[in-house]
Every structure is written in structure tokens, then in C-alpha cells.
Amino acid sequence: IYAIGKKGKDALERAGYEIAAGYSDMIDEPVYIDAMNIADTVLKAFSDGEVGEIYLAYTAFKNTVVHIPQFLKLLPVSGQETEAAETKTDADDKLLMNFEPEETEALDLIIPKYITSLIFGGMVDAVASENGARMQAMDSATSNAEEMIDSLALQYNRARQGTITQELTEIIAGAEAIS
């Protein structure tokens with residue numbers, strides 16, 4: 001596991017997962033170059049055979065209240081996707097295409113950029129989700145504080161009215177006793 005963020009890394013460590021690398025400081029202010037470094041690391045681990053699959057797990061931002069957990073398989077591409085790409089019609093077979101650069105060279109250029117973009121997008125989405133959750137929590141705290149202030153003000157006013165009523169009753173009783 002290549003963990004981005006401290007809480008996720010700590011939770012996965014407690015659950016017994018092996019953390020190959022932790023990028024706790026990158027999530028505070030995600031920048032594309034950090035995503036590129038992470039992508040280079042995981043792609044190297046994939047090409048060296050250290051890992052067999054690459055997945056991206058993050059929290060997608062929908063709105064300030066709704067955050068959707070996402071789990072995407074990045075590599076290798078599943079069999080269903082390659083079968084769909086290989087299915088051709090007769091009209092497709094008649095089209096001749098020349099690739100420059102060659103297919104493998106093009107994929108070697110495209111795949112790292114694609115993986116980097118997905119990682120960066122996941123980082124930005126996760127930060128947006130966290131900020132949305134914080135904003136929602138602060139709004140709830142503000143509402144709770146306002147309700148508490150209103151309740152305490154009402155209790156204070158009732159106690160003050162009780163004290164004033166008692167003082168007036170004592171003054172009136174004292175005045176009647178003198179007369």
C-alpha cells in the first residue's frame with residue numbers, strides 16, 4: 001500500500017497491512033508533481049513485478065454532505081475491457097491506421113500520464129471531501145452553539161426575573177410592615 005495521508009496510513013497499519021510508502025505531507029496541498037512521483041513509484045513497482053495490480057482508493061466529493069468512496073483498478077486492464085477493444089466490425093477492418101509513434105511507445109507515454117492524472121484527481125477529490133466534511137462539522141457546531149446560547153439566555157432571563165420578583169416582594173412586604 002502506498003498511502004497518501006496520515007489517517008488512512010495509520011488505520012491501514014493498525015489493520016495489519018504493509019505500507020510500502022507513506023505520503024502524509026502531500027495531501028495538505030496536492031500538486032501534480034507529487035502525483036507524478038507517486039505514479040512513477042507505483043508504475044516502477046508494477047513493471048518490476050513487486051505488485052501485480054494497482055488500485056486507487058479515495059473519497060470522491062459530490063457535495064458538502066455527500067462523499068462517495070471510490071475504488072478504481074488502474075492496472076492491469078481487465079479482460080472485459082480488452083475484449084471490447086478487440087471486437088471489430090468489418091468496416092473497422094477496412095480502415096488502415098498508421099501509428100506514430102508505435103503502439104507500445106504511445107502507451108508508454110500515455111499510461112504514466114493517465115495514472116498520474118487519476119492519482120492527482122483522487123488527491124484533489126479527497127481534499128475537497130475533507131474540506132466539505134469540515135465545513136459541515138463547523139456548521140453543525142455553530143448551530144449547536146447558537147441553540148445552547150439561546151437556551152442559556154432563556155434560563156438566565158428566567159432566573160433574573162425570579163430574583164427581581166423576589167426583591168420586589170421583599171420591598172413590598174417591608175413597606176407594608178413599616179406602615
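Which residues of strand 3 make up the covered face, and which the uncovered one? The model here is a predicted one, with local features needing pLDDT of at least 70, side-chain atom pairs counting only at pLDDT 80 or more, and totals for chains, interfaces and linings using all residues. Residues are numbered from 1 along each chain as its sequence is written, and side-chain values use heavy atoms, leaving out hydrogens and water.

Back to strand 3: Ile 54, Leu 56, Tyr 58 and Ala 60 sit on the covered face, while Tyr 55, Ala 57, Thr 59 and Phe 61 sit on the uncovered one. In a regular strand, side chains alternate between the two faces of the sheet. Strands and helices here are DSSP runs (E, at least two residues, for strands; H or I, at least four, for helices), numbered from the N terminus. Strand 3 runs antiparallel to strand 4, with eight bridges joining them; two strands pair if DSSP finds at least two bridges between them. A hairpin of five residues links strand 3 to strand 4, and Tyr 58 has Gln 70 of strand 4 as its bridge partner.

Then there is helix 5 (residues 103–178), whose 76 residues reach 110 Å from first C-alpha to last, close to the expected 112 Å; that expected span is 1.5 Å times one less than the number of residues. Its buried residues (under 20% relative accessible area, 1.4 Å probe, protein chains only) include Ile 115, Ile 119, Met 123 and Val 127. Among the elements covering the buried residues of helix 5 are helix 2 and strand 3, where cover is by contact, meaning heavy atoms within 4.5 Å.

Technical notes
Buried means under 20% relative accessible area, exposed over 50%, partly exposed in between (1.4 Å probe, protein chains only).
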